[in-house]
Amino acid sequence: MTHRIPPGTRDILPDEMRELRRVKSELADAFDRFGYQEVATPTIEYHEVLARGDERGAPEAYRFFDEAGELLAMRTDMTIPIARLVASRFGDTEPPFRLSYIANAYRAITPQRGQMREFTQAGLELIGAEAPEGTAEVIEVLSAALDAVGLTRAVIGLGDADLYRQLLDELGVADDRRGRLLELLAMHDLVGLQTTVGELEIDAGSRETLLRLPNMRGGPEVLEQAHALGGAAVETATQRLAATHEALAARGVAQRVSLDLGLLRDLGYYTGAIVEVYDPAVGHVLGGGGRYDELMGRFGRPLPAVGFALYLERVHIAQAEEERLAAGGGQRGGP
């Protein structure tokens, strides 16, 4: 007899469990080598804590009332709980704080395109370090972690979370259109973006800017191409990305990074640099992160911060596929 489990969840059998435990160990060792100390937080938080961190993300949480009538929620990621932890438990300690974790998170979504309701994140947070050096340090650790699990071909995309929000303000795009445009960018839906931009009441040059930027990715040359489009939002973003790229070059990891001016994360607390991880062996994003310099202030301790999280299950799939390709000796595609 077969008994159902909820969509977006899964059973893990012994062979895979052993492999996942190995991946966890490899990632944890990589984090530890760079001085990131592991922490854990409760699976459940007060709902108002998650909403304070990201109002847009709070509706995705599984919510329920406890015996005292308090509204609780299962954590949707680890960044907000760690921000709460630092503000609450490290109030008398001088930053920076280098913290890591491997933990489950939960999102109340309709499972599609490989999305999971229950998933494991492995990541870290660097709280109290300014850009661009703090950003470059975290990307260096991310690169080392990918190498540690055998994903030497994985690419780190680097963009700017504020670029489109500020650009839409600059172009005077109406509020009722802004949310849809940002959603399309976060989903990498360039076809839908073109249709929606075509409906905007803006001049042809502004439309061209909105459509050209998401297709600009590569090395530092894309910053020069973007700069030619003009505007304050583009100027600010390209200057920040150039500074981060220079800091990465100084650490010897710039070759791993692809500048991507179309990159946008779907969490509302990001400011400045954002990253996503891709491996050519699989079709899913393996993880991502970025700066969240305003989040700590929402918990009463304003500090600059940056971090990333990898989806453990997707990393495992990519690792297995890379090992299969290596064993087969077949021709590999480019990133």
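I counted the salt bridges in this predicted model, and the total came to 21.

Glutamate 137 counts as buried at 12% relative accessibility, whereas arginine 98, at 28%, counts as partly exposed.

Helix 4 came up again with glutamate 133, which is 118 residues from its partner, arginine 251 in helix 10 (residues 232–251); I noted their N to O distance as 3.6 Å. Glutamate 133 is partly exposed at 45% relative accessibility, and arginine 251 is partly exposed at 30%.

Next I turned to glutamate 199 and arginine 177, with 2.8 Å between the closest N and O atoms of their salt bridge. Glutamate 199 is in the loop between helix 7 (190–198) and helix 8 (204–212) while arginine 177 is in helix 6 (residues 175–186), so the pair ties together parts 22 residues apart in sequence. I also noted one network, in which salt bridges with shared partners join Asp160, Asp162, Arg165 and Arg240.

Finally I checked arginine 75, in the loop between strand 4 (71–74) and helix 3 (79–89). Arginine 75 is buried but has no salt bridge, the nearest side chain of opposite charge being that of glutamate 45, 6.4 Å away. I found its side chain 2.7 Å, by a polar atom, from the backbone oxygen of threonine 41, and 3.2 Å from the backbone oxygen of proline 42.

Methods: Residues are numbered from 1 along each chain as its sequence is written. This is a predicted model: local features need pLDDT of at least 70, side-chain atom pairs count only at pLDDT 80 or more; totals for chains, interfaces and linings use all residues. Side-chain values use heavy atoms; hydrogens and water are left out. Helices (H or I, at least four residues) and strands (E, at least two) are DSSP runs, numbered from the N terminus. Buried means under 20% relative accessible area, exposed over 50%, partly exposed in between (1.4 Å probe, protein chains only). Lys and Arg count as positive and Asp and Glu as negative; His and the chain ends are not counted. A salt bridge is a side-chain nitrogen of Lys or Arg within 4 Å of a carboxyl oxygen of Asp or Glu. A polar contact is a pair of N or O atoms within 3.5 Å; within protein, one must be able to donate a hydrogen and the other to accept it, and residues adjacent in sequence count only if both atoms are side-chain atoms.
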